[in-house]
Amino acid sequence: MQQANSLNRLNRLPISRFHKITLLAVSFAYFFEFADINSFATTAPKLIKLWGVTVDQVAYVTSLSFVGMFFGAIVASGLADRWGRKRALLWTTLWFGVFSFAAVFSWDVVSLGVFRVLTSAGLSAMTVVAVIYVNELYPASSRGKYQAYAIVIGICGTPVTNLIASAVVPINDWSWRLVYLWGALGVLLVFFTRRLKESPRWHESRGDHAKADEILREIEEQVAAEKGPLPEPEPPVEEAPVTKAPLRLLLQKKYLMPTLLLTVVWVTQTIGFFGYSSWAPTLLAQEGFSVEKSVFYVALTTVGAPLGSYLAAIVTDRFERKWCLVAFGSVIALCGLLYGLTFNPVLIVVFGFLVNLFERGYTALGYAYSPELFDTRARSLGTGVSYGLGRLSNAAGPLIVAALYNGSGYQSVFLFIAGTWLVGAVVLALFGPRTRPGRAPAEPAEPKNTGTPIRG
């Protein structure tokens, strides 16, 4: 077989049970990723009282966790290319679940920090693989929407975890450990394994057209049995097989600009969001709110997160994703600033709710936008490197937040966070390529054409 024509055969499929099962599995992984990612933030106020942990120590643990995320994202791109998207999704989820379970038995802030770094590496790796997996299995006309739907379901892990934390953390001196036990339940993804398909586009990128065709036929049979006869796919586009994408590939002109742009997007998103979510409970507690109230207020604000992902699902395939990202980023900057200017509990919840709503919408849009700027050859590497560099940048973020708080006070932290969001929005507005909704690029845009749509 010369060409399995994976892209066009997948693009002409109607959404079916196959897509919904895949969505459910990815959403499950996302749920426990989002459940686990803020575990330390929700337990830190308790540990400050119980173990005498300082604000600076909270900063160090948080910073090192983002170093772990960087290495996880970089390794994930290699795993996804070498093992396949499905196997990489399973193993990265198992990784973060196992080390979250290990955190239950932490005996001091150092041991907890080590387990959090290893957990964070798995969280970041899983995210990179899941983004690529959805991008390659769903039709181009709706992949942005379903990427967002996965986040809608998955992001519920954040408010659920925060509400659980607000209930169990204050019970006694060991009950905070239950938060990490909850995050470890992501390992149950193994029960979905037999229902998932490997990406035919991954097999085809390696030159294994026969295996790609075999999987495509299985998918087509399932969809046709449910939806009826399928239309003929468009003619194939020849692509040279790729077995390994070296890091220097991203230095080529057509990959360098998208990589740099997405690095700015993920750097500002990471510092902006985690500067808020990782610190809000601790800073509120430091400003005189009780541990119970600070965790509860933050839990209420995260209820906006699923709604934000749903909003992204509505707009992502209807409007240009670039401009949606610019709009969402600008709103987050404004609401985050207003959050820092008030100590009224009602306004804290309202502005925090809006920050969570638009931030998770921004993240869902970013997950759809990022892989569209690369072809199959560079998709895994480009997505992993830019996402990983974004996470690595926040190794400095918590240290900056701690320095600002100790030197200039509570409100300076939120001025800094708002500024990072605004920088991301401006860079996207000026340099972000447009990707036509519902269509993925065969090749990324050249730098000189940043104002024209990418065609796929």
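**Aromatic pairs and salt bridges**

Let me begin with Tyr146, which is buried, with a relative accessible area of 13%; buried means under 20% relative accessible area, exposed over 50%, and partly exposed in between, with a 1.4 Å probe and protein chains only. Please note that this is a predicted model, in which local features need pLDDT of at least 70 and side-chain atom pairs count only at pLDDT 80 or more, while totals for chains, interfaces and linings use all residues. Residues are numbered from 1 along each chain as its sequence is written, and side-chain values use heavy atoms, with hydrogens and water left out.

A pair of aromatic rings is described by the distance of the centres and the angle of the planes. Here, rings of Phe, Tyr and Trp (its six-membered ring) pair if their centres lie within 6.5 Å; planes under 30 degrees apart count as stacked, over 60 as edge-to-face and the rest as tilted. Across the whole structure, the search finds 17 aromatic pairs.

In one of them, the ring centres of Trp51 and Trp176 are 5.3 Å apart and the planes stand at 85 degrees, so the pair is edge-to-face. Trp51 lies in the loop between helix 3 (39–50) and helix 4 (55–83), and Trp176 in the loop between helix 8 (157–168) and helix 9 (177–183), so this pair ties together parts that are 125 residues apart in sequence. Helices are DSSP runs (H or I, at least four residues), numbered from the N terminus. Trp176 counts as buried at 0% relative accessibility, whereas Trp51, at 27%, counts as partly exposed.

To return to Tyr146: its ring and that of Tyr149 have centres 5.2 Å apart and planes at 90 degrees, so this pair is edge-to-face. Tyr146 and Tyr149 are 3 residues apart in helix 7 (residues 143–154), separated by about one helical turn.

Now to the charged groups. How many salt bridges are there? The count comes to 10, a salt bridge being a side-chain nitrogen of Lys or Arg within 4 Å of a carboxyl oxygen of Asp or Glu.

Glu220 and Arg12 meet in one of these, at 2.7 Å from N to O. Glu220 lies in helix 11 (residues 209–227) and Arg12 in the loop between helix 1 (6–11) and helix 2 (17–37), so the bridge ties together parts that are 208 residues apart in sequence. Both residues, Glu220 and Arg12, are buried.

Arg85 forms a salt bridge with Glu136, with the closest N and O atoms 2.8 Å apart. Both Arg85 and Glu136 are buried.

Key
Helix = DSSP H or I, 4+ residues; strand = E, 2+ residues; numbered from the N terminus.
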